Amino acid sequence: MTHPSITRRKFIRNGMITGVALSMSKGTSWAEGHSKRIRVGVLGCGSVSHSYLPHLSQCPYAELVSACDIRPERAAAQAAKFRIPHHYPHIDQMLSGAEFDLLVNLTDMQEHEHLNRQALEAGKHVWSEKPLANSLAAGQALLELARKKGVRFWGAPCMVESPQFAFMAKTLASGALGRLAAAHAEYGHTGPDWSAFFYEKGGGDLPDLAVYNLTTLTGLLGPAKSVTAMTSIITPVRKVQDKGEIQVEAEDNSMLLMEHADGLISHVQSGFNYFNPHGHDGSQETRHTVSIVGNRGCMGLVGYDWDPRGVDVATEDHPAYERHVTDKGDFVWQMGASLAAESLATGRELLITPEHALHVLEIIQATRESQATGRRIPLTSTFRWPVVR
Ligand SMILES: NC(=O)c1ccc[n+]([C@@H]2O[C@H](COP(=O)([O-])OP(=O)(O)OC[C@H]3O[C@@H](n4cnc5c(N)ncnc54)[C@H](O)[C@@H]3O)[C@@H](O)[C@H]2O)c1
């Protein structure tokens with residue numbers, strides 16, 4: 001994934017619109033509405049922090065207070081680079097150190113659950129990279145804990161906030177595609193080479209890659225009722241920078257079918273063995289990676305859902321593909337924690353909800369269960385839908 005292109009001026013301009021609206025609705029002054037900054041502690045200073053921190057450091061609603069990593073040299077380097085006043089080698093020290101409001105969890109996927117719990121217990125709001133937890137039950141318990149503590153709990157990804165997602169959701173709601181029948185989405189590359197956790201138990205292409213398409217398709221089509229799936233391991237041995245040669249334990253090749261309401265069926269495929277002539281450069285991707293078809297029209301998202309380039313629509317009335325929303329505005333995939341800070345500062349509700357993230361987590365869990373048992377797996381969780389403003 002590439003770096004953000006948001007400008008501070010644009011961010012502030014958007015913020016001003018929201019801030020004005022909010023201050024008017026609450027009867028407070030513009031200055032009052034706008035001046036609040038959420039104090040942020042960033043946990044995990046590896047690869048993705050290089051995308052999050054530039055965005056957070058430009059966010060008018062966030063004040064970077066602390067950085068933490070069990071590899072202390074990483075926390076120190078990011079603190080120096082982004083002028084973060086405090087850095088720590090352990091979450092215990094971070095939580096008992098300089099005061100902050102929002103913990104941004106950018107650690108290994110398997111670490112999120114216990115670190116999110118510790119932060120929520122300490123009364124911090126949490127923005128977590130995916131997944132929120134290692135299982136649906138644990139994730140639901142964390143959400144319950146957040147409610148008990150009176151704090152907010154959100155998780156990546158954040159594509160439901162993109163203009164392309166909004167356009168697709170509105171097109172579907174308009175009925176322009178007729179009776180919906182099927183959808184397909186795919187995302188793959190040849191796999192990260194820096195950290196072993198992507199390939200260890202609890203890692204895999206499902207929580208790292210399929211999570212984007214699962215969030216997009218359930219966000220557009222509604223909660224899934226059941227899952228049938230197959231997964232496999234294509235590359236059993238990998239070489240990674242932190243641990244050398246490792247045995248791959250988690251799936252690196254996945255295909256799953258989701259049953260939505262009214263007979264609508266969708267398919268997601270993802271993997272760490274997908275050659276792509278553009279590598280992982282989203283800006284070069286011009287294929288439809290998400291497509292939806294009904295009996296009177298079809299729609300394709302140009303590029304990746306995390307780096308959208310436009311939406312093509314063809315209908316009975318206009319059978320030639322027409323391209324819409326080629327501008328993604330301020331949207332970048334690494335903006336989730338900044339959006340969380342904005343929401344806490346202004347009260348603006350996000351389309352991103354923890355219930356949606358937990359539903360996606362259940363689909364991932366069900367995919368693995370379907371592979372292990374050969375059965376179709378019914379789902380129990382749901383979320384607020386449609387996801388549209
Ligand atoms: N790298 C990307 O481009 C990218 C993009 C989107 C999402 N993500 C997600 O971001 C998360 C992190 O991925 P990454 O690529 O940055 O991995 P990474 O290995 O580069 O970084 C993870 C960092 O977390 C630290 N860490 C691990 N356990 C910790 C603990 N208990 N306390 C404090 N620090 C701890 C590690 O030392 C490491 O520096 C994952 O959930 C991944 O799926 C990564």
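Predicted model: local features only at pLDDT ≥ 70, side-chain atom pairs only at ≥ 80, totals over all residues.
Let's start with helix H10, whose buried residues are Gly336, Ala337, Ser338, Leu339, Ala340, Ala341, Glu342, Ser343, Leu344, Ala345 and Thr346. "Buried" here means that 20 or more other C-beta atoms, placed from the backbone, lie within 10 Å of a residue's own; 12 or fewer makes it exposed, and anything in between partly exposed. That puts 11 of the 11 residues of H10 (336–346) in the buried class, so the helix is mostly covered.

Residues are numbered from 1 along each chain as its sequence is written. Helices (H or I, at least four residues) and strands (E, at least two) are DSSP runs, numbered from the N terminus.

Now for the sheet. It is open, has 6 strands in the order S3-S2-S1-S4-S5-S6, and its pairing is parallel. Strands count as paired if DSSP finds at least two bridges between them. At the edges sit S3 (86–88) and S6 (153–155), each pairing on one side only. From one strand to the next, the twist averages 25°.

Let's walk along part of it. S1 and S2 run parallel and are joined by 6 bridges, with Ile38 standing opposite Ala62 in S2. Together with helix H3, these two strands make a right-handed β-α-β unit. Right-handed means that, with the strands pointing away from you, the path from the first strand over the helix to the second runs clockwise. S2 and S3 share 3 bridges and run parallel; here Ala67 stands opposite His87 in S3. Because 6 of the 7 residues of S2 are buried, this strand is largely enclosed by the rest of the structure.

Elsewhere in the sheet, 4 bridges join S4 (102–105) to S5 (125–128), again a parallel pair, and Val104 has Trp127 in S5 as its bridge partner.

Finally, look at the helices lying across the strands. H3 (49–57) lies across S1 (38–43), S2 (62–68) and S4, at about 170° to S1. H6 (112–121) lies across S1, S4, S5 and S6, at about 160° to S5. Such angles run from 0 to 180 degrees between N-to-C directions, using axes fitted to C-alpha atoms, for helices over the stretch in contact; contact means C-beta atoms, placed from the backbone, within 7 Å.

Methods: Contact = placed C-beta atoms within 7 Å.
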